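Welcome to a short tour. Open your viewer, keep the sequence panel handy, and select each stop as we reach it.

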Amino acid sequence: MATTSAQANSVDLSTFAISGNGVVSTNYGAVSGTSSISGTVTGMTSFDWNFTAGDYMPYNDASFFITTASGTVYLSNVATVGDFGASGWQTYTLGTPYSGVVTFGVANDQDGYNPSQLEVRNVMAVPEPETYAMMLAGLAMVGAIARRRARTAA
């Protein structure tokens with residue numbers, strides 16, 4: 001007997017609103033300086049992120065995301081990656097799927113120069129229940145056709 005598991009879907013970031021300097025495409029978003037991108041997600045489970053510090057200490061620029069469930073979660077900052085350093089691509093996995101508004105951003109601390117950057121991609125979400133219902137309906141139809149053919153052949 002075959003088993004299936006819930007497959008995550010990529011969230012369309014092109015629907016996210018930009019505040020400040022940033023870009024969004026279907027599965028990629030980036031902001032720099034004191035900027036953010038915000039949008040509504042259903043069942044978000046994880047995302048990939050990369051923070052690049054465009055500054056040096058004591059200017060501790062930071063990257064973050066905000067949800068109503070967890071508040072502000074800091075991903076990285078200049079103190080963590082070092083002067084003009086980078087975190088490299090990492091995956092953040094949420095404990096439970098999140099639905100609601102999510103904001104990804106970067107805060108340029110104490111100066112307006114040397115903006116840092118946060119890149120986000122592969123924001124994944126568990127499919128909505130309607131997706132499962134359509135899949136089950138399709139499987140039922142395939143089963144009915146197979147059963148009908150078996151009866152006709154007999």
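Strands here are DSSP runs of E with at least two residues, numbered from the N terminus. With that in mind, select Asn122, which sits in strand β7, residues 117-125. Keep in mind as you look around that this is a predicted model.

**Stop one: Asn122.** Check the backbone: phi is near 50 degrees, a positive value in a residue that is not glycine. Is Asn122 buried, partly exposed or exposed? Its relative accessibility is 27%, so Asn122 counts as partly exposed, because that class lies between under 20% for buried and over 50% for exposed.

**Stop two: Phe84.** You will find Phe84 in the loop that runs between α1 (78-81) and β6 (90-107).

**Stop three: Asn77.** Now select Asn77 in strand β5, which covers residues 71-77. Show side chains, and you can pick out a polar contact of 2.8 Å between those of Asn77 and Thr80. Which residues does Asn77 touch beyond its neighbours within four places in sequence? Colour Phe51, Asn60, Asp61 and Ala62 to see these contacts. Then draw a distance from the C-alpha of Asn77 to that of Asp109: the two are 32 residues apart along the chain, and the separation is 9.9 Å.

**Stop four: Pro58.** Finish in the loop between β3 (28-52) and β4 (62-67), where Pro58 lies. Zoom in on the peptide bond from Met57 to Pro58, which is cis, with omega near 20 degrees.

Methods:
Residues numbered from 1 in each chain as written. Predicted model: local features only at pLDDT ≥ 70, side-chain atom pairs only at ≥ 80, totals over all residues. Heavy atoms only, no water. Helix = DSSP H or I, 4+ residues; strand = E, 2+ residues; numbered from the N terminus. Contact = heavy atoms within 4.5 Å. Polar contact = N/O pair within 3.5 Å; in protein donor to acceptor, adjacent residues only side chain to side chain. Buried < 20%, exposed > 50% of the residue type's maximum accessible area, 1.4 Å probe, protein only.
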